[in-house]
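Here is my note on the model you sent. The points follow in numbered order.

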Amino acid sequence: MSTRTEVSSLGEFGLIDHLTKNIEIHNASTILGVGDDAAVIDHFGKQTLVSTDLLIEGIHFDLTYTPLKHLGYKSVMVNLSDIYAMNGTPTQITVSIAASNRFSVEALSELYDGIYLACNKMQVDVVGGDTSSSGKGLIISITAIGEVAPDQFVKRSTARKGDLICISGDCGGAFLGLTLMEREKKIYLENSNIQPDLEDEKYIVSRLLKPEARKDIIEFLATSGIVPTAMMDVSDGISSEVLHLCKQSETGCRIFEDKLPIAEDSRKAAFKFGLDPTICALNGGEDYELIFTIRQEDYDKIVLNEEISVIGYMTDPEEKCLFMSRGGNSFPLSAQGWNAFQNP
């Protein structure tokens, strides 16, 4: 039988000491980490990137089907993805949590195991944070800090007419994983004797619970001598992100259905659930791939990379944002993905 240690038995500083005792430092830019009133970071002449995300139980994650270790891992990856989306390299994070008394020391240690797993994989240092009690549930706030060579950061507002629209990996899998887990949760709540049916659905479940920030894509672009003209990560769905790029860059676009990267496992799952794989890819969200634009002359540098797909191109704003179906019909591109202030 596993033991349960109440957080109150350690106190705030005791809990911090317990959760941070195994921190490893990976970066020379980390001069001083956890243990003082503030961390000391020196990026040696490079520009500093800062991004932060808030994850709230019941809004951003459901612990019914999300293991705490996976949640810790995902919490880090979704933050690091924002740094990569600026063409930067993440180097440090701070982690703050607020937890109700239903979470034991062992549970929070499991959460931090996932955090450290992600940090060790991506060579990122934990340099600070905070802990607090919560009246209900679990709240996680992570701030990611990164570096980028001067004038090498990439914004959303700098694409131009004729640029190719590219995306890494594949999309729609995380939404389908969420659809599956919500279905199984509903069945379980109606009859707890029925075991979850996750047969052959490992891929879409992993896309939901264990996303990977695309460090490899940023490294590939750097070694290939490509600086994207605009970039962001796919957290709210392809449609939403493309429309963000177009709005901020003051362009239109053409997106082609037959160019959308959809994994075969995702396609099969969509058909099983009675969903259109194209709609899942366009509006699903939480894939944390990178969507970016490049100059046409850089096409030959990416064409052999199987992890990058060209899904369209930028146009004059007067030509609007259009989606081109396999049948040759055009439709206005619309965003129907995640809305932080409308979705339950």
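1. A strand here is a DSSP run of E with at least two residues, numbered from the N terminus. Isoleucine 31 lies in such a run, strand β1 (residues 30-32). The model is a predicted one.

2. Ile31 also belongs to a nonpolar surface patch with Val40 and Phe44. Together they have about 290 Å² of accessible area.

3. Aspartate 265 is in helix α8 (residues 264-272) and is partly exposed, at 38% relative accessible area.

4. Strand β8 (residues 230-233) points Ala230 and Met232 one way, Met231 and Asp233 the other. All are buried. β8 runs antiparallel to strand β10 (residues 290-294), joined by 4 bridges. Alanine 230 stands opposite threonine 293 in β10.

5. The salt bridge count is 19. In one, lysine 46 meets glutamate 147 at 3.5 Å, N to O. These two are 101 residues apart: lysine 46 is in the loop between β2 and β3, glutamate 147 in strand β6. Lysine 46 is partly exposed at 41%, whereas glutamate 147 is buried at 16%.

6. Lysine 272 and glutamate 201 form a salt bridge at 2.7 Å, N to O. Lysine 272 is in helix α8, and glutamate 201 is in the loop between α4 and α5, 71 residues apart. Lysine 272 is exposed at 52% relative accessible area; glutamate 201 is buried at 5%.

7. Glutamate 257 forms a salt bridge with arginine 326, with the closest N and O atoms 3.0 Å apart. Both residues lie in loops, so the pair ties together parts 69 residues apart in sequence.

Conventions. Residues are numbered from 1 along each chain as its sequence is written. This is a predicted model: local features need pLDDT of at least 70, side-chain atom pairs count only at pLDDT 80 or more; totals for chains, interfaces and linings use all residues. Side-chain values use heavy atoms; hydrogens and water are left out. Buried means under 20% relative accessible area, exposed over 50%, partly exposed in between (1.4 Å probe, protein chains only). Patches are made of residues with over 30% relative accessible area and no salt bridge: like charges are joined within 9 Å, nonpolar side chains (Val, Leu, Ile, Met, Phe, Trp, Tyr) within 5 Å. Accessible areas come from the Shrake-Rupley method with a 1.4 Å probe; for residues, only the protein chains shown count as cover. A salt bridge is a side-chain nitrogen of Lys or Arg within 4 Å of a carboxyl oxygen of Asp or Glu. Two strands pair if DSSP finds at least two bridges between them.
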